[in-house]
Amino acid sequence: GAVVSQHPSRVICKSGTSVKIECRSLDFQATTMFWYRQFPKQSLMLMATSNEGSKATYEQGVEKDKFLINHASLTLSTLTVTSAHPEDSSFYICSASRQLMNTEAFFGQGTRLTVV
Amino acid sequence: GQQLNQSPQSMFIQEGEDVSMNCTSSSIFNTWLWYKQDPGEGPVLLIALYKAGELTSNGRLTAQFGTTRKDSFLNISASIPSDVGIYFCAGGDFGNEKLTFGTGTRLTIIP
């Protein structure tokens, strides 16, 4: 399967600081990537769709000024959690599809964010 | 956002047993995917289904795309310890990379 790499795998930050998470497609180009959030023992909830060269599309209830997404190239999307608070602590996962309009999404390893 | 109903929510089985789980939706999907997630990791794609009625195998795993296009099933035969984890179904549509995920089935193998 295709390889999607996410970094860092774990991060602990202080309240009020910002954290950047990277998602890279290593062996293919992805015009679209997706960012999910997962709480313990729950399913994946889509936060936003990251589009290369244009603004991200956010799901209802997700604050776009809080979760900044930048899709600067066909192999890299970043999610920045700004002014993080303890309630932002969660498992964040990105995904990408190998081919345009292909629903076979491949996921990164996930990032465990803990805000203290 | 919408989630698909997955059943059962959790399973406790003995090694060697067969496992069945299903996923249902109130709306039609054109693709069904099954993923497995280990603790602290991202989901890994197991099987992808693209046609109503399709039956696809991947080793000991077999998945079926329901004929109504509103459900899908995953079977695991002769379970082994590494099968432990959470299994998610996901529904998708042609021309749209966005997926809708199921609520998950947690599989535990009892020693």
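**Exercise 1. Determine whether Lys98(B) is buried, partly exposed or exposed, and find its salt-bridge partner.**

Solution. Lys98(B) has a relative accessible area of 31% and is therefore partly exposed, given that buried means under 20% relative accessible area, exposed over 50% and partly exposed in between, with a 1.4 Å probe and protein chains only. The structure is a predicted model, in which local features need pLDDT of at least 70 and side-chain atom pairs count only at pLDDT 80 or more, whereas totals for chains, interfaces and linings use all residues. Residues are numbered from 1 along each chain as its sequence is written, chains are lettered from A and ligands numbered from 1 in the order in which they are written, and side-chain values use heavy atoms, with hydrogens and water left out.

The next step is the partner: Lys98(B) forms a salt bridge with Glu59(A), with 3.0 Å between the closest N and O atoms, where a salt bridge is a side-chain nitrogen of Lys or Arg within 4 Å of a carboxyl oxygen of Asp or Glu. This pair crosses between chains, from the loop between strand E6 (57-58) and E7 of chain A, where Glu59(A) lies, to strand E10 (residues 96-101) of chain B, which holds Lys98(B); strands are DSSP runs of at least two residues, and helices (H or I) of at least four, numbered from the N terminus. Glu59(A) is partly exposed, because its relative accessibility is 23%.

**Exercise 2. Describe the salt bridges Glu22(A)–Arg24(A) and Asp38(B)–Lys36(B), and state how many salt bridges there are over all chains.**

Solution. Side chains of opposite charge can pair when their charged atoms come close. In chain A, the side chains of Glu22(A) and Arg24(A) meet at 3.4 Å, N to O; Glu22(A) is partly exposed at 24%, and Arg24(A) is partly exposed at 35%. In chain B, the closest N and O atoms of Asp38(B) and Lys36(B) are 2.6 Å apart; Asp38(B) is partly exposed at 34%, whereas Lys36(B), at 12%, counts as buried. The count over all chains comes to 5 salt bridges.

**Exercise 3. Locate Asp88(A) and list its contacts beyond four places in sequence.**

Solution. Asp88(A) sits in the loop between strand E8 (76-81) and strand E9 (90-97) of chain A, and it is buried, with a relative accessible area of 5%. Leaving aside neighbours within four places in sequence, Asp88(A) is in contact (heavy atoms within 4.5 Å) with Arg37(A), Lys66(A), Phe67(A), Val81(A), Ser83(A), Leu113(A) and Val115(A).

**Exercise 4. Work out the strand order of the open sheet of 5 strands in chain B and identify its edges.**

Solution. The order is E1-E3-E8-E7-E6, with antiparallel pairing, where two strands pair if DSSP finds at least two bridges between them. Strand E1 (5-7) and strand E6 (55-58) are the edge strands, each pairing on one side only. One of the pairings joins E6(B) to strand E7 (residues 61-65) of chain B over 4 bridges in the antiparallel sense, and there Leu55(B) has Gln64(B) as its bridge partner.

**Exercise 5. Summarise the secondary structure and burial of chain B.**

Solution. Chain B comes to 0 helices and 11 strands. Its C-alpha trace spans about 45 × 25 × 20 Å along the principal axes, and of its 111 residues 45% count as buried.
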